[in-house]
Structures are given as C-alpha cells and as structure tokens.
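Me: Hey, I've just opened this one and I'm new to it. Can you walk me through a few details?

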Amino acid sequence: MAAGKSFNPGVVVVAAGRGERAGVPEEGPKQYRPIGGMPVISHTLSGFVEWAGASAGIVVVIHPDDEALFRDALSHVRQADGIQFVYGGDTRQQSVLNGLEALQRANPSHVLIHDAVRPFFDAPLIERICAALKAGDDAVLPAIAVADTLKQADAHHMVAGTVPRAGLFAAQTPQAFDFAVIFDAHRRAAAEQRFDFTDDAGIAEWAGLGVRLVDGLADNVKLTFRRDLAMADEKLSQNLIADIRTGNGYDVHKLVPGDGVTLCGVRIPHDMTLSGHSDADVAFHALTDALLATCGEGDIGDHFPPSDPQWKGAASNIFLAHAAKIVRGHGGVILNADVSLIAEAPKIGPHRNEMRQKIADCLGIDLTRCSVKATTNETIGFVGRGEGIAAIATASVSYGNMR
C-alpha cells in the first residue's frame with residue numbers, strides 16, 4: 001500500500017447468478033435457499049457485518065428478478081443498514097464491474113470481491129488478506145494447495161495423463177485488490193470484449209498484476225450443487241446456538257409534593273409525585289434501558305437527552321416503544337419483560353395487572369410475558385424514608401441463532 005494512503009476497504013458480494021447446477025429451479029437461486037434457518041446469502045453478509053472492517057461499505061450485486069428475495073434475506077442480517085445493492089449483468093464479470101462502479105462512490109482504497117455462495121469464511125481469513133494488502137500487494141488470492149491427484153481426460157472420457165499437482169492451488173474468495181487497479185482492469189477487459197475470465201484474479205493476471213497467494217480456509221467452500229446445500233444445512237443445524245440476551249436497567253426518581261405518580265404507564269393517585277424531565281416513570285425508564293442493553297444501544301439518555309425540551313413532561317411509553325423498535329431492527333424478538341418496583345407507597349398490588357397490560361401493549365408481546373413486582377425498602381435509605389421510588393428491570397430478547 002502506498003505510503004500515506006489510508007486503508008478504506010469495501011466489499012462487493014456477487015449474487016446475480018441463477019445457480020442452475022443446484023437443481024430444482026422452482027426452489028429459487030441457490031444463494032437464497034435456506035441453510036441453518038436462513039438464506040445462504042444472509043450467512044455470507046452476516047460474516048462481513050460481524051467482521052466490521054468494510055469501512056467503504058458493502059455492495060451486493062443481484063439479479064433484477066431477485067429484489068424481493070434479497071430484501072427478505074437482508075431482514076436476517078443484523079445492522080444491515082449500510083448494505084446497498086445494484087443489479088448485475090449477463091456474466092459474473094459484468095456483475096462485478098457493476099458492483100465496482102457502485103462502490104466507487106465511497107472512494108475505497110481496496111475491495112474484497114466475494115461469491116455469495118461461500119458463507120463459511122471467517123475473520124482470520126479476511127485479516128490475512130488485508131495484511132497482504134497493507135503490506136503493498138495489489139492483488140491477493142486466498143487458496144488451498146491441491147491435495148487430490150489430478151487426471152486429464154480425452155474426448156472419450158479416458159485418462160489421457162496425470163497432471164502434476166506440485167504448485168497447484170484451488171482459488172477461493174474473497175479475492176482482494178487495490179480498488180483503482182482492479183477497477184481499471186475490469187473496464188479494460190470490458191472494452192476489449194474479454195468476457196472469458198472465471199475469476200477476478202484472472203483479470204488481474206491478464207492486466208499484468210502480481211497476485212499474492214495467502215492461506216485459504218478449508219471450510220470456505222463454494223456451495224455449487226444441491227448436495228452442497230444439504231451438507232451446509234446439516235452442518236449449521238448441528239452447530240446453531242440460540243442467541244438469547246438479557247439486559248438490566250435501573251432508575252430512581254425523587255418524590256416531591258403532588259397528586260400522583262405514574263408507574264408502568266399507570267397513573268396512581270398519591271400525595272406525592274415523581275420529579276423528572278418527562279413523566280418520571282421509573283419503571284418504563286428502567287425497562288427501556290434493559291431493552292437497549294440487549295443490543296448494545298446505550299441507554300435512555302443517549303436517545304432522549306433530559307436537556308432536550310421536547311421531552312419535558314413526555315409520556316415514557318414513547319421511550320419504551322422506541323427501544324422495542326431498535327431491538328426489532330436488530331432482529332430481536334422480545335421474550336420477557338420484568339419490573340421490580342421499590343417503594344414505601346403507594347400500594348402497587350391493586351394496579352399490577354393494569355401495569356402488566358400497559359407493558360404488553362407497548363412492547364407488542366403477550367401479557368404472560370410481562371411481570372410487575374413490588375417491595376418496600378423496610379424504612380431503610382432514601383426509599384425507606386419515602387424520598388423516592390426506584391425500579392429494577394430485566395428484559396430477555398432472542399436474536400435468533402449464531403454460528
């Protein structure tokens with residue numbers, strides 16, 4: 001990499017093929033067939049999102065007929081907001097060029113070009129590739145040394161000879177390049193009507209670039225045939241781990257003279273009120289923080305700063321509903337919401353079921369998944385002296401499965 005040049009890689013995922021060799025056309029292109037509970041391409045894109053190194057973004061090249069399939073697949077990918085798509089061409093080579101043209105707007109320093117039907121790459125493989133790019137190589141190819149004996153056949157399917165396997169490697173993706181160099185090579189190949197290249201490293205070789213080999217990954221196989229998909233599904237189904245996360249939240253507000261308190265969205269008559277910028281609903285505030293904690297989205301103050309006048313006196317169900325929306329945006333399903341109120345007064349028991357219903361309505365979950373409990377502080381501390389009310393909340397969320 002040239003001195004002073006910042007490393008700003010992007011990713012192009014090629015997913016415009018029809019996958020004829022996978023059989024059963026009515027099941028759709030192989031990149032959208034399910035393995036381990038979600039489409040192949042969803043696993044592939046999740047791998048790049050989890051790597052989190054594609055600072056110039058991710059561009060997926062799809063077939064024009066597959067937009068609905070792609071959008072569905074994208075719904076299985078967490079934090080997919082930065083992923084864009086473009087339509088491919090008649091050949092893989094033209095599709096890659098379309099992807100490079102779309103990525104160019106992000107001014108990438110380098111690009112990783114990957115087949116959508118290779119979902120089993122990992123972060124160490126990508127880091128090996130990137131290390132070679134940072135060291136100054138313009139083209140990097142992950143590859144596995146050929147282990148099988150290779151035979152050459154004649155026109156009658158008779159063995160015509162044995163091919164020495166010394167120095168032979170099976171190419172994989174992602175193949176990575178200096179962006180400007182490979183973009184120019186692709187455009188030159190298109191201008192000269194050269195459409196016979198089977199991978200991007202081949203175009204780089206044709207353009208006179210030196211292609212650096214790095215160790216590939218045995219698991220990084222291309223899912224080509226229907227049996228490959230079946231084996232991949234079996235592998236993932238055996239290794240799936242339920243991604244269940246639990247978040248906690250705590251809040252406290254001071255009691256001042258007034259005419260009632262709002263707890264879990266329920267207004268309860270009282271000779272005191274809770275002091276706060278919004279309606280000071282400690283229960284909903286704590287539960288909001290608990291939900292945000294399950295997906296690492298900060299706390300209530302990050303989303304609704306108390307210094308912002310628009311939230312003065314606001315109903316706290318706004319905050320809770322917003323947290324639930326964020327959780328669902330990350331692919332989460334809310335399993336349980338539990339609130340413990342700590343107060344000397346007022347009595348919570350008579351209002352418990354209404355509070356549970358408020359939580360259920362706000363989060364869009366069943367009443368049986370909502371719990372409200374209460375206790376006193378046995379006259380100890382600020383709560384025991386009737387100076388404030390505290391709340392502790394716990395939320396459990398399923399984010400599907402993880403590899």
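Below we chat about helix packing, aromatic rings and some backbone details.

Me: What should I know before we start?
Reply: It's a predicted model, where local features need pLDDT of at least 70, side-chain atom pairs count only at pLDDT 80 or more, and totals for chains, interfaces and linings use all residues. Residues are numbered from 1 along each chain as its sequence is written, and side-chain values use heavy atoms, leaving out hydrogens and water.

Me: OK, helices. At what angle do α8 and α11 pack?
Reply: About 40 degrees, with the axes of α8 (residues 282–293) and α11 (residues 352–363) 13 Å apart. That makes α8 oblique to α11. Oblique is what's left after roughly parallel (under 35 degrees), roughly antiparallel (over 145) and roughly perpendicular (65 to 115). Axes here are lines fitted to C-alpha atoms over the stretch in contact, with angles from 0 to 180 degrees between N-to-C directions. Helices are DSSP runs of H or I with at least four residues, strands are E runs of at least two, and both are numbered from the N terminus.

Me: Which residues meet there?
Reply: F284, L287 and L291 in α8 meet K358, I359 and L363 in α11, where contact means heavy atoms within 4.5 Å.

Me: Switching to rings. How many aromatic pairs are there?
Reply: A search of the whole structure finds 8. In one of them, the ring centres of F85 and Y87 are 6.2 Å apart and the planes sit at 55 degrees, so that pair is tilted. Rings of Phe, Tyr and Trp (its six-membered ring) pair if the centres lie within 6.5 Å; planes under 30 degrees apart are stacked, over 60 edge-to-face, the rest tilted.

Me: What cluster are those two in?
Reply: F85 and Y87 form one aromatic cluster with F70.

Me: And F304 with F319, are they buried or exposed?
Reply: Both F304 and F319 are buried. Buried means under 20% relative accessible area, exposed over 50%, and partly exposed in between (1.4 Å probe, protein chains only).

Me: Last one: what's the phi of Q79?
Reply: Near 50 degrees, a positive value in a residue other than glycine. Q79 sits in the loop between α2 (67–74) and β5 (83–87), and at 53% relative accessibility Q79 counts as exposed.
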